[in-house]
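Open the model in your viewer and keep the sequence panel beside it. This tour goes stop by stop: select, look, move on.

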Amino acid sequence: MAAEPARPAEDSYDCGLRRVARVVLLDPRDRILLLHGHEPDDPADDWWFTPGGGVEGDETREQAALRELAEETGITEVELGPVLWRRRCSFPFAGRRWDQDEWYYLARTTRTVTKATALTELERRSVAGARWWTCPELARAHETVYPTRLAELLRTLLEEGPPAGPVTLDTEIV
């Protein structure tokens, strides 16, 4: 039997799932910030995703969301709002399978200039940049975006406001 791939020591796992905090960051024009990622050894295998990452040590998910946002975008002037969505996902990336329990927090900012300040070595090899998207642009996009229903979720958020409690999204297995 093959050994299980090593997990980053700093990430927190619960029941075999990597605990992740993500940020649905909106600017004053209701655009959402997405990062452009790709397989480290294959830039053509690419997708867009919200800022965020694994909970480290004993930090809370809220602390992880703010830390990851600062590291990946340089944006610290935000007010973290409620958890909008929860999602479990499983996907191959960088030679291993990642099984995650993701919480998506709402946040707003007036700052739209981004600059990654503290990417990990793996992130430096796999994150190609960031872009602000309008809801219509996201709905028309032919690129891969995670979570896969993000355009619909964003439209609902902008039209109806945050849900009364976190919405559990369908599990995504890639």
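**Stop 1**

Select Arg111 and Glu77: their side chains form a salt bridge at 3.6 Å, N to O (a salt bridge is a side-chain nitrogen of Lys or Arg within 4 Å of a carboxyl oxygen of Asp or Glu). Arg111 sits in the loop between S7 and helix H2 (121-126), and Glu77 in the loop between H1 and S6, so the pair ties together parts 34 residues apart in sequence. Helices (H or I, at least four residues) and strands (E, at least two) are DSSP runs, numbered from the N terminus. Arg111 is partly exposed at 27% relative accessibility; Glu77 is partly exposed at 45%. Buried means under 20% relative accessible area, exposed over 50%, and partly exposed in between (1.4 Å probe, protein chains only).

**Before moving on**

This is a predicted model: local features need pLDDT of at least 70, side-chain atom pairs count only at pLDDT 80 or more, and totals for chains, interfaces and linings use all residues. Residues are numbered from 1 along each chain as its sequence is written, and side-chain values use heavy atoms, with hydrogens and water left out.

**Stop 2: helix H1**

Select residues 61-73. This is H1, and ten of its 13 residues are buried. Now pick Arg61 with Asp101: their side chains meet in a salt bridge of 2.9 Å, N to O. Asp101 is in strand S7 and Arg61 in helix H1, 40 residues apart. Asp101 is buried at 8%, and Arg61 is buried at 7%.

Next, show Glu68 and Arg67, a salt bridge of 3.0 Å, N to O. Just past H1, Gly74 has a positive phi of about 80°.

**Stop 3: the largest nonpolar core**

Select Val24, Ile32, Leu34, Trp85 and Leu138. These have the most contacts inside the largest nonpolar core, which has 19 residues. Such a core is a set of buried Ala, Val, Leu, Ile, Met, Phe, Trp, Tyr and Cys residues joined through side-chain atoms within 4.5 Å. Helix H4 (150-160) is among the elements that each supply at least two residues. H4 gives the most, with five.

**Stop 4: confidence**

Color by pLDDT, the predictor's confidence in each residue, from 0 to 100. The chain mean is 87. Strand S1 (residues 13-14) is lowest, at a mean of 54, and H4 highest, at 97. Over residues 1-10 the pLDDT is below 50. Where pLDDT is low, the predicted coordinates should not be read in detail.

How values were computed. Contact = heavy atoms within 4.5 Å.
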